Amino acid sequence: MANTNQVRGFVPVSDAYGTPYNGSVRAYYHDAGDTDPIFIGDLVTATGASVFVNQGGFKMSYPVVTQSATGDVFQGVCIGVQPLTQADPIYAPASTGVLVFVADDPNALFLVQEQNTGTALTANDVGLNINVVVNAGSTVTGMSGMALNNGTEAGTNTLDLKIIGQYLAADNDLGADTSTGALPGRFLVRINRHRFANQIAGI
């Protein structure tokens, strides 16, 4: 069966030790001055700023995050937002101040698709590092357009992500053998450049 090209960014699956993802998140803030939206499944990066938000009569402090670019140090993955009204979208629109919920565990594993161009990743690429490609998300579904850049896999220790394994599912073609792949494959990855990992500078 051919793989379906259905990019939706990063989906938390488990931690690095096999425990299923249990929905744990930390609240951050998408600033009203940020002209880049944050979609569900986007990698996000802390800006170094924080904001106070009044909630139920209490002043709460939240670190500010923005949609990541290739080569950033990542805070984690946006998995939801807190809409201000019932009519608001499920993502954080550009120039809109809103709370975003981020899976920021540096041990988390994420399911993500490779881009549907170039040479497919293979089973032999497991263990290599790789960069993310940032494509526009969907304002209809609210889902991320981020994918694996399957032209960047290498042993280089500064690349964005580490390939942990091929995603084992009936609808994910693994390829003819370990040296060939099938576009667009889905893989499990871990964030290699994570803000909470060892030896990463603070901001």
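Trainee: How many helices and how many strands does the chain have?
Mentor: This is a predicted model. Read along the sequence, the pattern is β-β-β-β-β-β-β-β-β-β-β-β. The count is zero helices and twelve strands.

Trainee: What does the radius of gyration say about how compact the chain is?
Mentor: The globule rule gives 17 Å for 203 residues. The radius of gyration of the chain is close to that, so the chain is as compact as a globular protein of that length. The value for the chain is 17 Å.

Trainee: What share of the contacts with a separation of 6 or more joins residues 24 or more positions apart?
Mentor: Contact means heavy atoms within 4.5 Å. Among contacts with a separation of 6 or more, residues 24 or more positions apart account for 75%.

Trainee: Which strand holds Phe52?
Mentor: Look at residues 43-55. Phe52 falls in that stretch, which is strand S3.

Trainee: Is Phe52 buried or exposed?
Mentor: Buried means under 20% relative accessible area, and exposed means over 50%. Phe52 has 62% relative accessibility, so Phe52 counts as exposed.

Trainee: Which residues does Phe52 touch, not counting those up to four places away in sequence?
Mentor: Leave out the residues up to four places away in sequence. Phe52 then touches Lys59, Met60 and Ser61.

Trainee: How far apart in space are Phe52 and Ala123?
Mentor: In sequence they are 71 residues apart. In space, go from C-alpha to C-alpha. The distance between Phe52 and Ala123 is 46 Å.

Key
Residues are numbered from 1 along each chain as its sequence is written. This is a predicted model: local features need pLDDT of at least 70, side-chain atom pairs count only at pLDDT 80 or more; totals for chains, interfaces and linings use all residues. Side-chain values use heavy atoms; hydrogens and water are left out. Helices (H or I, at least four residues) and strands (E, at least two) are DSSP runs, numbered from the N terminus. The radius of gyration is taken over C-alpha atoms; the globule rule is 2.2 Å times the number of residues to the power 0.38. Buried means under 20% relative accessible area, exposed over 50%, partly exposed in between (1.4 Å probe, protein chains only).
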